[in-house]
Amino acid sequence: MTVENNEPIYNELNSKFKLFSPSRVMAIAMNTFTQLVRMKVFYFLLIFSVLIIGANVLFLNFTFEQELKILQDVSFGAMTLFASIFSIVGTALLIPKDIEDRTLYSILTKPVPRFEYLIGKLLGILFLVAVSLVLMSILFFAVLFFRQHGILAEEINQMRGQPTAEQISSLKENIFAQGLRLELINGVVAVFLKAAVAAAIALVVSTFASSTLFTIIVSLVIYFIGHAQSMALDYYFPEGDMHGAFQRFIAGIVAIIFPNLQIFNVVDGIVSGQSVPMSLMFRLTGLTGFYLFIYSFVSWVLFAKKEL
Amino acid sequence: MIILVKSKLFSYGRVLVSLAILVVFGFLKIPFESQTEQKLKDKGFRDWVPNMSAREQLTQASFIGAIGGFRSLVASIYDLRAHEAFRDKDWGSVERFRKVTTSLQPRFAKHWDLAAWDMAWNAYAYYRSKSEFSDDDLELWRIEKMIMPSYLEKGLSFAKEGAKWTPESYRLPMVIGDIYAQKYNNPKLASEWYFKSSQAKDAPSYIYRAYATQLAKCVGMEEEAYKVVSNLYNGGKVRTLTLRRDMERLEAYFVNKLVQSNSINELKEMVKKENSNYIIYDAIATHYLGEENNISLAVNAYRELVKNPKAPDFYRRKFALLIARDPANEERAYGLLKNMYLSTPQIFRRVDLIELKKIESNLNIPLNEKLIKSDASR
Amino acid sequence: MSKDLPTAVQIKNLTKTFPVPFKKEKVVAVDNLSLSVMPGEVYGLIGPNGSGKSTTMKVLLGLISATSGSSTVFGMSSTETASRGSVGFLPENPYFYKYLTGAETIAFYGKLCGLKRKVIKERTSELLNLVELEGARDRRLAGYSKGMLQRIGLAQALVGRPKLVVLDEPTAGVDPAGSRKIRDLIMQLKDQGITVILSSHLLEQVQEVCDRVGIIFEGKLVREGSLKTLIEIEDQTEIVLENAGSDLLKKITDLINQENGVNLIRSGRPRTTLETLFLKETGGESKDVRNES
């Protein structure tokens, strides 16, 4: 036997191996999803149900505008909270855990490029967040639907005498305009997009910090800076106010390096009845895609040669 | 930092490369981000500015929450706090919390509505009832001349500020109209705001009627009011009691004007030319009743009037009541009035009911058959 | 090592150093180590804890990169992900996703190896059968014993039909029966012509299954060779008898005593001579000695 005997194997390996395989990425993503599901994360839906039903029952003495608004605020608030927590904690929990438990060894010693592992994990988390948001939305929309019909019936009941068809339709229009409407879906999408960026941030952090707690804390700090940065600029450096070059420089660096998560906050406006044009939704989606790409890339740069 | 170093021994070169990537792409994203921010601002998604004064208004947690994407939720929480302060009659806090909700979410019309309501109605009413129990003259003066007007003004200024923020909505102009109509007794300004409100896409139809009502109260604007009121009366789907009264009152005004400025001959000339103008008949009847007290001529004039299908139904009531003045015809007239009352009671005003009651007693109608059982008021 | 020799694994002049935080000097984990493993061979890597066994394996599997030197698997550099296509690895104390069942675990790793859905199904049953875990097929790994985990780990390593299997301490913490099962499996792999590299400190086991052994100490390969040559003491002969009565033993002793220049050094049960050798090569420190000092 000579060294040439290896050639068939060598060639076979090269031809069999794909530089990027969606099926491998999907295998990792689905595994991540399964793992989280079996960690019983979906129990949170119970908490969510309690919250929105509570919001529904507790505020019956208010005007219907307040009632519908509180229901939407609580729902969107809980959705934002859960989606962000899942994104950050999920990512921080799973990747450092894989490293700590050395589960990563058995994955990376299969013909799996490291970026596929990272992308797979990220997609798994995003999939989980998406599924949770869809489930929460269904609950939220169902409660809202029943509530607005309930409110309509109550309001008609409280009218003196026999209300005319015109009165009823005007009332209905008024109530439903603040109830279930397509615009709410844009709000859910915006919540998802922000959570996706948060997950990508946690991905970057988890590639250089192997401790879960460290990842969570650093990611949360970045998450907060991401929200406050644009405001901090206005806050500390109001327009027209000349400040020290150094402060401006620092503020600039922060704006450059950190994502502006404030951009995704359109839910407040949506609840108060404004609508987000589709072009803006596309912009937000594009921006999210951009962040996912850059952060995946950076985490790969950090992770590619990491000594495990 | 220690965890970082201890955790993994990786090349620092890669960290620098990563930072470089972030910086380069950071430069690329900034124009896109600020463009998007601008678009959001234009669409009204960035009304709240977290500046020093906003920071002072909110608690630490609320401020962070408002920044972190829970602005609407924080606004709702302050709405609840305002509600609690309202229950405690702590009007200073109510005002403060209402300022927070409106500044956090200025495009939500209901925030302004509630703020105006709490000031111009709730706080105002609280001090008015307080003034009723006050023995101290100075205190009374202070409440009536300073505090109460100040809450009206606060309510009005909330409503006016809100109207600026929500130009699409009927709500705040309506609230302003309410304040002018119910608190300042200023039908002119009230009608202007109601009109503004009625022009909004989402305005319920009753606002236009409120506009007509206020307009009908404006002295010197009867022509304009009559146009609006008669249009509503003839074309509108709903003929409310107020609308009926306004219509009758305005027509009576024009009738009086006709009677005062024209002689009977001139009126007769007019009626020949404008046969369809039933008001002139009423003017003629009024003339006969007034100066000559000639009931039969007045009856004749009304007989012509009610032939006109355009004439509002209250003329039939007037006609019947006129007939009833002649004792010989009282019973026949009562029959007419009874039918009228049973089919369209709305055309009877309070004064008409008193008269009806009188007729019933003249005719000795047994109690169980009487239309008007006791008091004339309804 | 000659370039012309057939190689499943070739490690040349491998050096791996780790920086120490806040200090200038570096820890040398592997020092200019060279070794090669031929196809079909079972190679044992032995050495005390921290001698560089695991580091060498990690370099071989691309988990860490070499400071200098090279490592190839079937002629392909370990730094290439494609080289993992021919390798199966069982880590020390393997820990898999405990939320997955045995079958799901195999299927997951099968997918990572690029196997088709249908193939995965067959392969899963086949491997669970091989490692005798069909009974625990649909049980979650959270409920597996250490020996079962080790076996599911082995199944996982074999899912892609590797030509080289790397086993890091395959019997660590496994009870004797489980340990024997694993040994039998390694023998089966050998029969199938699969190259095996294993590290162990259970020298008896290494001795039982390995064709060749390398001893690593302080990052250096201090001895290497076929097991036979390594542990053979040329001027001594050992006779191992079964069911020998005392009469027979007395006869043999008498016979030996009659021969000139032949001495009976010892008689009794056979001992692990590898252990002796191991202790000698690694400084002769046994646990007991260390405890005394």
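Predicted model: local features only at pLDDT ≥ 70, side-chain atom pairs only at ≥ 80, totals over all residues.

Biologist: What angle do α4(A) and α6(A) pack at, and how far apart are their axes?
Modeller: The angle is about 165 degrees, and the axes are 10 Å apart. Anything over 145 degrees counts as roughly antiparallel, so that's where the label comes from. For orientation, α4(A) covers residues 64-100 and α6(A) covers residues 114-158.

Biologist: Is the crossing of α4(A) and α6(A) right-handed or left-handed?
Modeller: Right-handed. As for the residues in that contact between α4(A) and α6(A), they split into 21 nonpolar, eight polar and five charged.

Biologist: OK, what about α4(A) and α8(A), what angle do they make?
Modeller: About 25 degrees, with their axes 8 Å apart. That makes α4(A) roughly parallel to α8(A), since the cut-off for that label is under 35 degrees. The helix α8(A) runs over residues 183-208, and the crossing of α4(A) and α8(A) is right-handed.

Biologist: Which residues make that contact?
Modeller: On α4(A), they include F76(A), M79(A), A83(A), I88(A) and I95(A). From α8(A) you get, among others, L184(A), V188(A), V191(A), A195(A) and L203(A). By class, the contact of α4(A) with α8(A) has 15 nonpolar, seven polar and one charged residues.

Biologist: Why would residues three or four places apart point the same way?
Modeller: An α-helix has 3.6 residues a turn, so residues with that spacing point the same way.

Biologist: Back to α4(A): how many of its residues are buried?
Modeller: 31 of the 37, so α4(A) is largely enclosed by the rest of the structure.

Biologist: And how far does α4(A) reach from its first C-alpha to its last?
Modeller: It reaches 52 Å, close to the 54 Å expected at 1.5 Å a residue.

Biologist: Switching to chain B. Where is R209(B)?
Modeller: In helix α11 of chain B, which spans residues 205-217.

Biologist: Is R209(B) buried or exposed?
Modeller: R209(B) counts as buried, because its relative accessibility is 15% and the cut-off for buried is under 20%.

Biologist: What does R209(B) touch?
Modeller: Leaving out residues up to four places away in sequence, R209(B) touches L232(B), V238(B) and T240(B).

Biologist: Now chain C. How many helices and strands are there?
Modeller: Chain C has 10 helices and 10 strands. It's 293 residues, and 47% of them count as buried.

Biologist: What share of the chain C contacts join residues at least 24 apart?
Modeller: It's 67%, taken among contacts between residues at least 6 apart in sequence.

Biologist: What's the phi of N13(C)?
Modeller: Near 45 degrees, which is a positive value in a residue other than glycine. N13(C) lies in strand β1 of chain C, residues 9-19, and is partly exposed, with a relative accessible area of 43%.

Biologist: And where does N93(C) lie?
Modeller: In the loop between β6 (87-90) and α2 (102-112) of chain C. With a relative accessible area of 27%, N93(C) is partly exposed.

Definitions and conventions:
Residues numbered from 1 in each chain as written. Chains lettered and ligands numbered in written order. Heavy atoms only, no water. Axes fitted to C-alpha atoms, helices over the stretch in contact; angles between N-to-C directions. Helix = DSSP H or I, 4+ residues; strand = E, 2+ residues; numbered from the N terminus. Left-handed = near helix turned anticlockwise from the far one by under 90°. Nonpolar A, V, L, I, M, F, W, Y, C, P; charged D, E, K, R; others polar. Expected span 1.5 Å × (residues − 1). Buried < 20%, exposed > 50% of the residue type's maximum accessible area, 1.4 Å probe, protein only. Contact = heavy atoms within 4.5 Å. Parallel < 35°, antiparallel > 145°, perpendicular 65-115°, else oblique.
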